[in-house]
Amino acid sequence: MNQATPTAQLIAARQPGFSLPRELYCGEQALRDDLQQIWYREWVFAVPACELAKSGSFTTLQLGEYPVIIVRGSDGRLRAFHNICRHRGQRLCPKTNGNSPKLVCPYHQWTYDLDGKLLYARDMGEGFDASKYGLKPVHCVDIGGMVFICVAPVPPALPELAGNLTRYVMPSALADAKVAYSSTIIEKGNWKLVLENNRECYHCGGSHPSLCRTYSDDPLMTVMEGPNAASPEILTHWERCDAANLPSRFVNAPDMQWRLARVPLMDNAESFTMSGKAAVTRRMGSIPWNDAGALMFYHLPSSWNHFLPDHAIVFRILPISPTETEVTTKWLVHKDAVEGEDYDLQKLTEVWLATNDEDRRVVEENQAGILSPAYEPGPYSPSQEAGVIHLVDWYCATMSQRLGLQTAAE
C-alpha cells in the first residue's frame with residue numbers, strides 16, 4: 001500500500017465542523033482528484049429534458065476533460081456521447097446547442113446518426129468497418145424531466161433518487177415546459193465554495209435584498225431532519241400539501257447527497273418576484289395553489305433547483321479550474337406560455353439574475369481571501385450552516401473512501 005495522496009492527507013487532517021484546508025479550495029492536484037473521484041464517477045445534472053424536445057435537438061457541455069453531447073434521437077430517446085469524432089478526435093459539435101438530423105464532424109465530414117452510428121466516412125479504403133467507429137456512449141437518464149449524465153464505465157445506482165424525484169416533480173409537469181431564459185456566468189471560485197455559498201442563508205440578509213423579499217433567511221426554514229422534523233410553519237405547510245396529495249415532506253439520501261422538500265415562501269408569496277406575485281399567469285402542471293411554495297431539490301455535486309407553481313428554476317455547476325466554476329441557470333415555464341402575454345421576462349428573471357450576481361461576488365471574495373497564505377479553516381455555525389456541514393462531510397467521506405480504495409489497490 002502506498003502512502004496516502006496529499007489530498008487524502010489534507011482531508012484526514014481536517015477538523016470536523018470547520019471549513020476545508022486551503023489547498024482543497026485552490027490546488028491543482030485537489031481539482032484533479034475531485035474530478036477523478038467525484039465528477040467523473042457521479043451522476044451530474046445536465047439539462048432539463050424539455051430543452052431537447054424535438055428529434056435532432058442537441059446540447060453540449062464540458063465536464064472536466066470530457067466534452068459531452070446529448071441528443072434527442074428520431075425514436076424520441078435521449079442519448080449522450082463523448083463529443084469527439086472517431087476519426088481524428090475533432091470535437092464533433094462546437095456549438096452549445098442546436099438541431100440537426102445528423103451529427104457531422106466539421107473537420108472531414110464523418111457523419112453519424114442520432115443514435116451514434118457512423119453513417120458516412122469518405123475514402124477510407126477497402127476493408128474499413130464503419131460499425132467499429134460509432135460514437136462512444138455516455139450514460140444518460142431522464143428522471144422526471146431532468147437529464148443526468150455519468151462518464152464512469154459503471155454509474156452509481158439510481159432507484160431511490162429516481163423514484164423520489166419523479167414523484168416530487170410530477171406535479172410540475174416538466175415534460176410540458178419550455179426554457180424561457182438561460183444564463184451562464186463564470187464565478188472565479190472553487191466549485192466547493194459555490195456550493196457552500198448555496199447551502200446556507202447565513203449571508204442572505206446582507207447579500208440578497210431581492211431574494212429576501214420572498215425567501216426567508218431563518219435557518220429553521222431550510223434545516224429539516226426528517227419528514228416529521230421541521231419548524232412548525234413547515235410542518236403546517238406539509239400537512240396542507242398532504243391533504244392535496246402534493247409530495248412535500250423532507251426526503252433525502254442517507255449521506256445527504258440529495259434532498260427534496262417543499263417549503264413555503266414568506267407571507268404567502270407566490271413566486272420569486274419583486275412583488276411576491278406569480279411571474280407567469282399560465283401555471284405549470286397541477287399544483288393546486290399559487291402559494292404552494294418552492295419544491296427544493298439539491299443534488300451533489302452539480303445542482304440545486306426550485307419548482308414553483310408558475311415556473312421552475314434549474315441550476316447546474318461545472319468546475320473549470322481550481323478557482324473557476326461555470327454556473328448555468330434556466331427558467332422553465334409552461335410550453336404554451338407566451339412572453340409578453342403570460343409573463344414578462346424581466347419580472348420572471350430579475351430576482352435570480354440579481355441573486356446569482358450577488359453570489360458570484362461573495363464567492364469571488366471568499367476565494368480571494370482563501371488564496372492568502374494567512375487563511376486557516378474557521379468554524380461553521382451549527383444552526384446557520386448545517387447544510388454546509390452536510391456538504392463538506394459528504395465531500396470528505398466520499399473522497400476519503402475513494403482515495404483510500406485507490407491507494408490500497410496500487
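Asp176 and Lys335 pair up through their side chains in a salt bridge, with N and O 3.5 Å apart; a salt bridge here is a side-chain nitrogen of Lys or Arg within 4 Å of a carboxyl oxygen of Asp or Glu. The two residues tie together distant parts of the chain, 159 residues apart: Asp176 sits in the loop between helix 4 (159-169) and strand 11, and Lys335 in the loop between strand 17 and helix 8 (345-370). Helices (H or I, at least four residues) and strands (E, at least two) are DSSP runs, numbered from the N terminus.

This is a predicted model, so local features need pLDDT of at least 70 and side-chain atom pairs count only at pLDDT 80 or more, while totals for chains, interfaces and linings use all residues. Residues are numbered from 1 along each chain as its sequence is written, and side-chain values use heavy atoms, with hydrogens and water left out.

**Salt bridges**

- By the rule above, the count comes to 15 salt bridges.
- Asp176 is partly exposed at 34% relative accessibility, and Lys335 is partly exposed at 42%; the bands are buried under 20% relative accessible area, exposed over 50% and partly exposed in between (1.4 Å probe, protein chains only).
- Glu42 and Arg402 form another salt bridge, at 2.6 Å from N to O. That pair also links distant parts of the chain, 360 residues apart, with Glu42 in the loop between helix 3 and strand 1 (44-48) and Arg402 in helix 9 (residues 386-409).
- Glu42 is buried at 5% relative accessible area, and Arg402 is buried too, at 13%.
- Asp75 bridges to Arg79, with the closest N and O atoms 2.7 Å apart; Arg79 counts as buried at 15%.
- Asp357, Arg360, Arg361 and Glu364 are joined in a salt-bridge network.

**A buried charge without a partner**

- Asp33, in helix 3, is buried but has no salt bridge.
- The nearest side chain of opposite charge is Arg32, 6.3 Å away (Lys and Arg count as positive, Asp and Glu as negative; His and the chain ends are not counted).
- Neighbours within four places in sequence aside, Asp33 is in contact (heavy atoms within 4.5 Å) with Thr5, Thr7, Ile38, Met399 and Leu403.

**Largest pocket**

- The largest pocket has a volume of about 390 Å³.
- Of its 27 lining residues, Thr60, Leu61, Gln62, Arg316 and Glu326 are the closest to the centre.
- Helix 3 (28-39), strand 2 (57-63), strand 11 (177-187), strand 16 (312-321) and strand 17 (324-334) each give two or more residues to the lining.
- On a 1 Å grid over the protein atoms alone, a pocket is an open set of points with protein on both sides within 12 Å along at least five of seven lines, a cavity is a set where a 1.4 Å probe fits but cannot get out, and lining residues have an atom within 4 Å of a point.
- Grid points are joined across faces, edges and corners, and volume is the space filled by probe spheres set on the points.

- The whole structure has five cavities of 30 Å³ or more, and the largest cavity holds about 330 Å³.
- Its lining has 29 residues, with Asn198, Arg199, Glu200, Tyr215 and Tyr298 nearest the centre.
- Strand 14 is among the elements that supply at least two lining residues.
- Met296 is in strand 14 (residues 294-299) and is buried at 2%.
- Beyond its neighbours within four places in sequence, Met296 has contacts including Tyr215, Arg259 and His306.
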